[in-house]
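Good morning, colleagues. Please have the display in view as I speak.

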Amino acid sequence: MKAVILDAASLGPDIDLAPLHECVEELVVHERSTTQEAQARLADAEIAIVNKVVLDAATLEALPSLKLICVLATGTNNIDMATARHLKIAVKNVIGYGTASVAQHTLMLLLNLANRLPLYRHDVAAGRWNQSSFFCLMDHRTLELEGKHLAIVGQGELGGRVALLAEALGMRVTFTARPGNETHDARPGLHELAPDVDAISLHCPLSEATHHLIDADLLARLRRDALLINCARGSIIDEVAALDALRAGRLGGLAVDVLPEEPPRDGHPLLDALHEPLNLIVTPHNAWITPEARQNVVSLTVDNLQDWLRRQ
């Protein structure tokens, strides 16, 4: 069996690919590939190993030898799944590889927003501490998380891990009803919870039901000091409405690790606002990137490969 990795660089240079080499007779590694390059590089391969390279219908139809696609991520949106099914090409993804990493990042964002770190960092850099009339600055009201109420959207493995970390800080955690299924879910809906929560953390997929789940209407229902964190997918928050609320003092803090377009080559209003004195954090979709999480991707992909090979 010949396997080809199309975008090994997406895992980083410090990740050991030896377990993948040991799984197959031949493994060809490309650091980066375009969709156009993928067709030629996969021409005689039975197995494609890919993270973010788009494998569209035309590409898959031009690869009669291809039998398996191993996705180095959870999402399979870069693969034309209907065409893969039609051509009987198996598609295997990986899940749960970054639970600890993303939960840690989420907690970091929560703590930074609660302590108004972006605002105090801005003040210190501007020399305001040097000019203070006494020993400290206390211009921005911070939030002690013990006893506060956190709503989590998404009660999967990741949401559950974030809940454990928040509870260790003494927070009260409520999981919301699944968006779009509130009438058949015993858990409270986010709109119902909004006036009572001090923070919201998003860990749900992007879908019709979750697109702009956090919109201007829901933002208006939140407490003025409420914190909003999105480590899920861009567009679950209406980012422009959230930024408007933050600027107007109707939102206590906003932190996102995701944007609707990634990388944001044409910019984004949240990026433009980073120079402003706001309790705002934008991280570059790197919640998942601890070395342990990235090596887990390889280990889980090996499991997928071995399971598929046993069935051949």
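Which residues in the largest nonpolar core touch the most other members? They are Leu 20, Leu 42, Ile 49, Leu 55 and Ile 69, within a core of 65 residues. Please keep in mind throughout that this is a predicted model. Helix H5, residues 99-114, gives this core its largest share, 7 residues. In soluble globular proteins, nonpolar side chains tend to be buried together.

Let us take Leu 42 as an example. Setting aside neighbours within four places in sequence, Leu 42 is in contact with Val 4, Leu 6, Ile 47, Ala 48, Leu 55 and Leu 63. Apart from this core lies another, of 33 residues, which includes Val 153, Leu 193, Ala 232 and Ile 237.

I turn now to helix H10, which spans residues 239-247. Which of its residues are buried? The buried residues of H10 are Glu 239, Ala 241, Ala 242, Leu 243, Ala 245 and Leu 246. Their packing partners are helix H9 (216-221), strand E10 (253-256), helix H11 (269-272) and strand E11 (280-282). Just after H10 comes Gly 249, with a positive phi of about 75 degrees.

Finally, a glycine in a loop. Gly 75 sits between strand E4 (68-71) and helix H4 (81-86). Gly 75 and Lys 52 are 23 residues apart in sequence, and their C-alpha atoms are 9.3 Å apart in space.

Thank you for your attention.

How values were computed. Residues are numbered from 1 along each chain as its sequence is written. This is a predicted model: local features need pLDDT of at least 70, side-chain atom pairs count only at pLDDT 80 or more; totals for chains, interfaces and linings use all residues. Side-chain values use heavy atoms; hydrogens and water are left out. Buried means under 20% relative accessible area, exposed over 50%, partly exposed in between (1.4 Å probe, protein chains only). Helices (H or I, at least four residues) and strands (E, at least two) are DSSP runs, numbered from the N terminus. Contact means heavy atoms within 4.5 Å. A nonpolar core is a set of buried Ala, Val, Leu, Ile, Met, Phe, Trp, Tyr and Cys residues joined through side-chain atoms within 4.5 Å.
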